[in-house]
Amino acid sequence: MIISSSNDYREAARRRLPPFLFHYIDGGAYAEYTLKRNVEDLSQIALRQRVLNDMSQLSLETKIFDETLSMPVALSPVGLTGMYARRGEVQAAVAADKKGIPFTLSTVSVCPIEEVTPAIQRPMWFQLYVLRDRGFMKNALERAKAAGCSTLVFTVDMPVPGARYRDAHSGMSGPNAAMRRYLQSFAHPHWAWNVGLLGRPHDLGNISKYLGKPTGLEDYIGWLGANFDPSISWKDLEWIRDFWDGPMVIKGILDPEDAKDAVRFGADGIVVSNHGGRQLDGVLSTTRALPAIADAVKGDLKILVDSGIRNGLDVVRMLAMGADLCMLGRAFVYALGAEGGQGVSNLLELIDKEMRVAMTLTGAKTIQDINSDCLVNLERLAK
Ligand SMILES: Cc1cc2nc3c(=O)[nH]c(=O)nc-3n(C[C@H](O)[C@H](O)[C@H](O)COP(=O)(O)O)c2cc1C
């Protein structure tokens, strides 16, 4: 099939991957309202077209936490990425590295920290969940530091996992799940050969290393359910601070009051995120949450944002609403599932080109120039 946009990658991934994996990526929590609104609300943000400003010299370069990025984009942490392509974390990290942007490794990755960092030049970012097993958290932080990871992304919006009803239908969980996954793999021979067979081991790499024994998909679901910690509070983050002296970013902020607490705590950044609509269905889309958060804390820490960003126009919209950096979740995973690392590289080039068109036609020559002047205030127009 012809691929010319991120939506095409979604369709290509749907064809390539067994349904239990495609729907695990594509789905959200409960009735999936927030998942839909993330994309819809962002697409409604009207860019303000300006012309005849000599836009021949554009720069997408930006800086965050002393790192220079070729564009204001990073890859979000995504669990089980090594199931969507062979050693998928390594492939995605290499694509991000070639483009000059950060890759964030999930706690629950297939490839362990030590497998990914040697493949790339830039320092990797590492994402940590709050887990009951503090020994694992300490071990993971020490290993991330030893492997040269620069930034810790600490995810706080999963004190309990949200229910994803699609998973029970698709065979990710539910009755006879293992048998259904096995049969689906047979019907997707390209995936079965390339990833199912040659992509082994399908461990949760970071956790197996800590437990000293292999962990499979069944363990993943069980371990996650048993290990998330609903008792988490700001004081637990102090504990993390003792083990991490690099930049610390708190992921999963959706309210200005929590953003202010993150400033008081001394965080270097926040990710405005609803976990891609995978946790509490019915919460605000990040498009609607971001402006009030930016009003409350812009300049006090870096504002990163994800959930619903699918193309370069979306990146410009989020920056214009106050974000410093955008993170891509499903957008990169669809590309990876469809065409491996080359797909991710192609997607990043696509986003670069889309951003250039959006900047040219909104009159922004640099990333610093992207602000609310690049948007039309639709509410004012309606009056
Ligand atoms: C399949 C999948 C797995 C994810 N796993 C993690 C994870 O391990 N840790 C984490 O902090 N966020 C995880 N997320 C959330 C992403 O980091 C990100 O917040 C979300 O995908 C952004 O929304 P978008 O997919 O609409 O861009 C996951 C998302 C998806 C789609």
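Predicted model: local features only at pLDDT ≥ 70, side-chain atom pairs only at ≥ 80, totals over all residues.
A polar contact is a pair of N or O atoms within 3.5 Å; within protein, one must be able to donate a hydrogen and the other to accept it, and residues adjacent in sequence count only if both atoms are side-chain atoms. Residues are numbered from 1 along each chain as its sequence is written, and side-chain values use heavy atoms, with hydrogens and water left out.

**Ligand contacts**

- D306 also reaches an oxygen atom of the ligand, with a polar side-chain atom at 2.6 Å.
- G79 uses its backbone: a polar atom there is 2.9 Å from a nitrogen atom of the ligand.
- The protein covers 99% of the 600 Å² of accessible area that the ligand has on its own (Shrake-Rupley method, 1.4 Å probe).

**Ligand shell**

- The ligand has 23 residues around it, and P77, S106, T155, D306 and R330 come nearest (a residue is near if one of its heavy atoms lies within 4 Å).
- The shell divides into 7 nonpolar, 11 polar and 5 charged residues; Asp, Glu, Lys and Arg count as charged, and Gly is among the polar ones.
- Helix 2 (19–26) and strand 5 (125–129) each supply at least two shell residues (DSSP runs: helices H or I, at least four residues; strands E, at least two; numbered from the N terminus).

**Aromatic pairs**

- The structure holds 9 aromatic pairs (ring centres within 6.5 Å; planes under 30 degrees apart are stacked, over 60 edge-to-face, the rest tilted).
- W234 and F265 form a tilted pair, 5.9 Å centre to centre with 40° between the planes.
- That pair links distant parts of the chain, 31 residues apart: W234 is in helix 12 (residues 234–241) and F265 in helix 13 (residues 256–265).

**Backbone**

- Most residues other than glycine have a negative phi, and most peptide bonds are trans.
- R200 and P201 are joined by a cis peptide bond, with omega about 5°.
- P201 is in the loop between helix 9 (189–197) and helix 10 (205–211).
- L52, not a glycine, has a positive phi of about 60°.
- L52 lies in the loop between helix 3 (33–43) and strand 1 (62–64).

Definitions and conventions:
Phe/Tyr/Trp six-rings, centres within 6.5 Å; stacked < 30°, edge-to-face > 60°.
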